[in-house]
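The sequence and structure come first, and the reading follows.

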Amino acid sequence: MRDVACAGYVAGCNTLFFAHDTNSDTYTAQNASTNMMERLSFSDDVGAKYASMLAFPSTAQQFSSGHLDTVMSVTTRLLPWEVTSATGGSHHSFPGGQEVFNAYSQALNLRSIHFGEDMKAAENQDFISQAR
Amino acid sequence: MLTRNSQIGEFYVLQPPQVDPTGGDAAAASKAKFTCDTLIYDEESDRHVRITWGQAVDACCLGQAGGVANARMSHGTKKTNDLDLTTWLTKARTIQSFNEQAVVVGSDKATTATYADIDPDLRIVIARPFIEHLMHSVIMAVSGRDTGATLFGPADMQLSANTQVKTIEGACCARAHTQPCTHGLPATSR
């Protein structure tokens, strides 16, 4: 039934929190880190049930300041308009800002999230050599 | 057609009601229940699922041993302007008490919170960063000479690979018969 109703769907759009352990009904950062890596590596199977959601604290003032409106980054990569200096900018768009990002990055191991790029292919310029 | 897995992300924002749903009437306190919850679409089961404020607070993983360390937020609220994550958690639990109309551990209220007790500027961002679908790509082009033209005639096309810079170079030479210009272009354009 899943194949019929969700044709083309792979994963990531259900309403389970990464931090939630359904067996013990507890929420921990360790669960979030582990479940996120399992999801991104499809450690069980492509069709298995994986969690999808993260939650972060924020305030209305961060939204009204314009730092967080329609887009945010949960990886170490900054948004194009956040890169303002040679030494790198700050995660203004992350809920809570840079210091909160550092805390979550440490607890959830956000550094291990890939950017959706095949770095090896970019290094080898495969985007050119594969052109047909 | 090019077919490959593509990821997108999205986020939702939970907030407490911006006006008192009870109208300050203690007898109407039950109207406060579930006012901080949200419904999120579950694509796997094709239905909307209620996400409560309390679940979202728990999923923030604050105030736990080995969890997210205390840090200073970039923006405080208008009511207290306190930037501390620990304070944020306490205020979030107070909102949970208001939302569930029950006493909640971690709240700064020993009884059920009222609207006057909560900070309405708190927000919780729920992110779904790894939504993955099988995506198809197509190239669509405008018809007509603006896009390009197919030329008929003796043609010579040569391709060679430049292994040093990893590029493919091509050279094309075509002789074609085009229609004579029938509208008044300047002579230099002909």
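In which sense, parallel or antiparallel, does strand β1 (residues 9-11) of chain A pair with β4(B), and over how many bridges? The two strands pair in the antiparallel sense over two bridges, where strands are DSSP runs of E of at least two residues, helices are runs of H or I of at least four residues, and both are numbered from the N terminus; two strands count as paired if DSSP finds at least two bridges between them. Within this pairing, Ala11(A) has Glu132(B) in β4(B) as its bridge partner.

This is a predicted model, in which local features need pLDDT of at least 70, side-chain atom pairs count only at pLDDT 80 or more, and totals for chains, interfaces and linings use all residues. Residues are numbered from 1 along each chain as its sequence is written, while chains are lettered from A and ligands numbered from 1 in the order in which they are written.

The model scores ipTM 0.84 and pTM 0.77. For chain B the mean pLDDT (the predictor's confidence in each residue, from 0 to 100) is 84, and 87% of its residues reach 70 or more. Over residues 180-190 of chain B, however, pLDDT stays under 50, and the model has two contacts beyond four places in sequence for them.

Contacts, defined by C-beta atoms that are placed from the backbone and lie within 7 Å, link 48 residues of chain B with 52 residues of chain A. On the chain B side, β4(B) provides the largest share, 13 residues, and elements including β1 (2-14), α2 (85-100) and β6 (167-174) of chain B each supply at least two.

Chain A is itself divided by an automatic or database domain assignment into domain 1 (1-55) and domain 2 (58-132). Their contact takes six residues from domain 1 of chain A and five residues from domain 2 of chain A, and helix α2 (residues 29-41) of chain A gives the most to the domain 1 side, with five residues.

Elsewhere in chain B, strands β2 (residues 38-42) and β3 (residues 47-51) run antiparallel and are joined by five bridges, with Leu39(B) opposite Arg50(B) in β3(B). The two strands form a hairpin with four residues between them, and Asp46(B) in the turn has a positive phi of about 55°.
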